Amino acid sequence: MTLQTVLDDIQKRPGTGEVIPIIDPVTEEQLTEFTDCGPEAVDEAVARAKASYEAGVWAGLPGRERAKVMWRIADLIEEHAAEFAEIDATNTGMPMMQAELIVPTCAEFFRYYAGWCTKLNGSSYDVKTSGIASDTYVDQHAYTLNEPYGVVGLIFPWNGPIFNASAKLAPALAAGCSSVVKPAEETPLSALLLDRLIAEAGVPDGVVNLLTGYGHTAGAAITAHPDVEKVAFTGSTEVGKEIVKASAGNLKKVMLELGGKSPVLIYADADLDKAIFMAAMGIFVHSGQGCVCGSRIFVERSVYDRVVEGIAAVANSMKLGGPKEEGCMSGPLISAKQLTRVMGFLDEGKRDGVEVVTGGHRLDRKGYFVHPTVLTNVDRGMRLFQQEIFGPVVTILPFDNDDEAVAMANDTTYGLASTVWTNNLSRAHTLAKRLQAGTVSINCQLVFDHSVPFGGYKQSGWGHEFGREGVEAYLKKKSVFAQL
């Protein structure tokens, strides 16, 4: 399924809503267009998912049989790796090398969770209970069952289309759920290929149902639907709050992986060359369009100037361009809308007296490119400091001691990720306990593993993806008592 095939196929998808253009963020030209699926399509997809679940065509299979199919999905993803990379690179503008590195990770999601298909067992208990108004103890056997939620809605964002689709679909399939899947309207292309491969691998009809449309139409209809028992969403905190409101109709369970304003602490005793380069890449890669990007850097005062200069030097040396341009390390922002948002933050900061060490402007070329930007003299009350920008923009502030560093790091409504650069391991592990974030990285950045849970504190989300917690998120627990 080539890029051109996907571009043609999405135009043929039925719909009743608005026509949605897909714009190449590198050229600002339209790649293709499709019609919003509309609310009727959501009802039909949920009905198919519910019917497939109740019929047991997937949930009723032995775990070993589901595992075989999921291994086949992983194999097919790898067989079509070049196609996935080209599709996502074109759709998002990310460098081809980045897109190529992501695909094997997606295949591994399905292999990792295939291993869980045969291990979703409950627990048993020997229980002695007393009868009502009786001193006699009765022996009982009690046990728990882990059961799929049933129909789940999976809604994922534009910054990593195939990665986010795999991260949600793999555990949902392992748990035995049937799903309604909606990619972001900006980047639906790789989901079409994945949907085709899922069917080819042997997932029965109706178990995975792909919808394409706007978040405020298709996404909202999925979230509010009474037959959807759970919604898993990755995206902005603002939209996450709307999903929580919409879920109140049937009190459906919600899992949210939301925004971040991740702090990076750099101490004088760190390997500064490594810390400077990784901290720069940790915000400038993918033009800062990652929820875990380290957008606030705090530096021990004695090395503050060196770190600021070093990160600015990396910013100035980074080549920005499209996936077909040689040697590019980062691409454009996803859309004109996102460009306007990022530039709005920068213009406001300049008016408020922020010092622009480097960047702060759009590149003089086609595409939604913003020069990697380093800001200092930022007040902690500014929007630049407090709100997620989702662009290649970093603020750098000095600190004099651990308490000051922790206070600044935790001064945010977000709590997704954080990083500590120091060779003092006692300090590092102490800081790991004090930082209010779901993930703390020590002397490394932008790392994850399929087996390690990932989730946020505060307004960065509810629940966890990856690891055992990732599949348990799609399971309900039932307790059973039997008197002996």
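**Where the two domains meet**

Tutor: Let's start with the charged pairing: across the interface of domain 1 and domain 2 the rule finds one salt bridge, meaning a side-chain nitrogen of Lys or Arg within 4 Å of a carboxyl oxygen of Asp or Glu. Keep in mind that this is a predicted model, where local features need pLDDT of at least 70, side-chain atom pairs count only at pLDDT 80 or more, and totals for chains, interfaces and linings use all residues. Residues are numbered from 1 along each chain as its sequence is written, and side-chain values use heavy atoms, with hydrogens and water left out.

So who is involved? A salt bridge joins the side chains of Arg362 and Glu28, at 2.9 Å from N to O. In general, side chains of opposite charge can pair when their charged atoms come close. By this rule the count comes to 23 salt bridges. The Arg362 and Glu28 pair links distant parts of the chain, 334 residues apart. You'll find Arg362 in the loop between β12 (355-358) and β13 (373-376), while Glu28 is in the loop between β1 (19-23) and β2 (30-35); strands here are DSSP runs (E, at least two residues) and helices are too (H or I, at least four), numbered from the N terminus.

Now for the domains themselves. An automatic or database domain assignment gives domain 1 as 3-258 + 460-483 and domain 2 as 263-442. Contact (heavy atoms within 4.5 Å) takes 23 residues from domain 1 and 27 residues from domain 2. Their C-alpha centres lie 31 Å apart. About 1,900 Å² is buried between them, with carbon and sulfur atoms giving 59%; that's the accessible area (1.4 Å probe) that two parts lose on being put together, summed over both.

There are also eight residue pairs in polar contact between the domains, both residues at pLDDT 80 or more. That term means a pair of N or O atoms within 3.5 Å; within protein, one must be able to donate a hydrogen and the other to accept it, and residues adjacent in sequence count only if both atoms are side-chain atoms. On the side of domain 1 that touches domain 2, α4 (81-92), α5 (96-114) and α9 (237-246) each supply at least two residues. The largest share, four residues, comes from α4.
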